[in-house]
Amino acid sequence: MEKFPEIPNHFSIDNKSKDAQTIKKTIKLCEESEVKHKEKKTCVTSLESMVDFGLSVLGTNNILAITSEVQGETQASQRYTIEQVQQISDGDNMVCHKLNYAYALHYCHVGGSTRTYMVSMVGVDGTKVKAVSVCHKDTSFWNAHAIPFVVLKVKPGTTPICHFLQDDQIVFVPI
């Protein structure tokens with residue numbers, strides 16, 4: 001982080017701007033150390049690097065990459081009816097999240113045993129969604145102040161935590 005001021009300057013961004021602070025948070029996330037023996041992570045700037053990391057951490061050349069899909073455009077928050085739930089995998093997976101940065105950058109991580117599902121839903125306006133859901137079976141090493149524990153009023157390691165992935169996130173699972 002000592003060379004941080006050079007980065008916004010390289011992209012002609014004012015060091016005191018909101019964009020510069022976003023870049024700083026992104027760099028900090030990418031430079032954080034891994035949780036020992038529980039999480040493997042990296043930040044990647046290309047699809048090739050993303051796939052290479054996935055093959056390495058998942059230990060196989062046979063992987064499936066999936067993402068949530070929305071049929072049509074909907075901006076309104078609405079209720080959805082679940083039509084079908086299909087389990088895709090049970091074990092490690094790797095999720096890559098798009099980060100806010102001056103160019104394409106993804107945060108990819110493998111964080112313990114999970115179950116991955118594809119959930120088919122339809123909104124009240126007819127919008128069809130196939131959403132990837134990830135259930136983390138071991139949350140014992142998570143920060144006790146993380147949002148899921150606060151909202152659900154549970155402690156790390158006591159219950160699986162499940163969530164949907166946005167359509168700009170990718171999950172890789174062994175097949």
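Modeller: First, the term. On a 1 Å grid over the protein atoms alone, a pocket is an open set of points where a 1.4 Å probe fits, with protein on both sides within 12 Å along at least five of seven lines. Lining residues have an atom within 4 Å of a point. Grid points are joined across faces, edges and corners, and the volume is the space filled by probe spheres set on the points.

This is a predicted model: local features need pLDDT of at least 70, side-chain atom pairs count only at pLDDT 80 or more, and totals for chains, interfaces and linings use all residues. Residues are numbered from 1 along each chain as its sequence is written, and side-chain values use heavy atoms, with hydrogens and water left out.

Strand 5 (94-98) and strand 6 (106-110) each supply at least two lining residues, as do strand 8 (128-136) and strand 9 (161-164). Strands here are DSSP runs of E, at least two residues long, numbered from the N terminus.

By class, the lining has eleven nonpolar, nine polar and three charged residues. Ala, Val, Leu, Ile, Met, Phe, Trp, Tyr, Cys and Pro count as nonpolar, Asp, Glu, Lys and Arg as charged, and the others, Gly among them, as polar.

For comparison, the second largest pocket holds about 220 Å³. Residues lining that second pocket include Ser 68, Tyr 80, Met 121 and Asp 167. Its lining has seven nonpolar, three polar and one charged residues.

Technical notes:
Helix = DSSP H or I, 4+ residues; strand = E, 2+ residues; numbered from the N terminus.
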